[in-house]
Amino acid sequence: MTDAVLALDDVTVVRGEKTILDSISLRVEDGQRWVVLGPNGAGKTTVLQLATGRIYPSSGELHVLGEKLGRLDVSELRSRVGLASSALEGRIQGRERVKDVVLTAAYGMIGRWREAYDDFDETRAEDLLAAFGVGHLADRDFGTLSEGERKRVQVARALMSDPELLLLDEPAGGLDLGGREELMWALTEIAGDHRSPVIILVTHHVEEIPQGFTHALLMRDGRTVAAGPIEETLTPHLLSETFGLELEVERHRGRWSARAAGRARVE
Ligand SMILES: Nc1ncnc2c1ncn2[C@@H]1O[C@H](COP(=O)(O)OP(=O)(O)OP(=O)(O)O)[C@@H](O)[C@H]1O
């Protein structure tokens, strides 16, 4: 038992010859909102997969929702940990009704079959869709939505079971500027609400960090570059080391931006 919502203690994940995560330690506590930043292949999605119980560490200790992984059964984990990711989106049938995409998460399922939902579930699904500005699409087929609309439906789905931990893997990936900013507003509201679950959001871009995020994990090549309170972590020096590029970093009204300071790459 631990009181951390997610705890990785010296976790290594090896697949074949490749060490995907190399001695990662992390403690995510109640009330915190984490962003995981790093270049392609850094191991960010693998950290989320550990948190969903989909993969196990090759060595080290992993606790999810206070329990050592393996003590909670997978179906319980599915309803207590909400996930939005493009891999999950790929498993949703294009002909699934948008409202059902959200509703089925109440049972940790993808795809409606014969289960019955009560009015409370129906109303919650409608409210969540409305909160993300896609309430008017509730009766459309999921496959007919734009990429931005699908992303928002997915975040609504991830919240349907009222999870204790919300995992968002590149929620703004592929969105246009307006779509990204609308999503940022919605996530800022969630981040600022003390009733919201703990959030871990994976992204490549500091511009995709909603206001109210408290902590950051910076990763490169399966290793931790830095982890801790966001204002101590998103420094030009640490971000430059993470992306292998000299970066200037700014914060304006709680949002971050970064750009290259020059052409030289740092090692
Ligand atoms: N089953 C596997 N076998 C071998 N290598 C794997 C396996 N799964 C993931 N990897 C590799 O592990 C590395 C980390 O993958 P991961 O998806 O966690 O990175 P990421 O930081 O999320 O990357 P991206 O930003 O590109 O999505 C990548 O180089 C990937 O190719």
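This is a short tour of a predicted model, stop by stop.

**Before you start**

Residues are numbered from 1 along each chain as its sequence is written. Because the model is predicted, local features need pLDDT of at least 70, side-chain atom pairs count only at pLDDT 80 or more, and totals for chains, interfaces and linings use all residues. Colour the protein chain by pLDDT, the predictor's confidence in each residue, from 0 to 100. The chain's mean pLDDT is 90, and 94% of its residues reach 70 or more. For the complex, the predictor gives an ipTM of 0.96 and a pTM of 0.92.

**Stop 1**

Show the strands (DSSP runs of E, at least two residues, numbered from the N terminus). An open sheet is formed by 6 strands, in the order 6-7-8-3-9-10, with mixed pairing. Two strands pair if DSSP finds at least two bridges between them. Now select strand 6 (81–84) and strand 10 (223–229). These stand at the edges with a single partner strand each, so one side of each has no neighbour in the sheet. From one strand to the next, the twist averages 15 degrees (axes are lines fitted to C-alpha atoms; angles run from 0 to 180 degrees between N-to-C directions).

**Stop 2: from strand 6 to strand 7**

Strand 6 and strand 7 run parallel, joined by 4 bridges. Select Val81. Opposite, in strand 7, stands Leu165.

**Stop 3: strand 8**

Select residues 198–203. How many residues of strand 8 are buried? The count is 5 of 6. Buried means that 20 or more other C-beta atoms, placed from the backbone, lie within 10 Å of the residue's own.

Strand 7 (residues 165–169) runs parallel to strand 8, with 5 bridges between them. Asp169 stands opposite Val202. Strand 3 (residues 33–37) is also parallel to strand 8, again with 5 bridges. Here, Trp34 has Ile200 as its bridge partner.

Together with strands 7 and 8, helix 7 makes a right-handed β-α-β unit. Right-handed means that, with the strands pointing away from you, the path from the first strand over the helix to the second runs clockwise.

**Stop 4: the ligand**

Select the ligand and the 13 residues around the ligand. A residue is near if its C-beta atom, placed from the backbone, lies within 6 Å. Arg15, Asn40, Gly41, Thr45 and Thr46 come nearest. Strand 2 (18–28) and helix 1 (44–51) each give two or more residues to the shell. Helix 1 gives the most, with 3 residues.

How values were computed:
A residue is buried if 20 or more other C-beta atoms lie within 10 Å of its own, exposed if 12 or fewer, and partly exposed in between; C-beta atoms are placed from the backbone.
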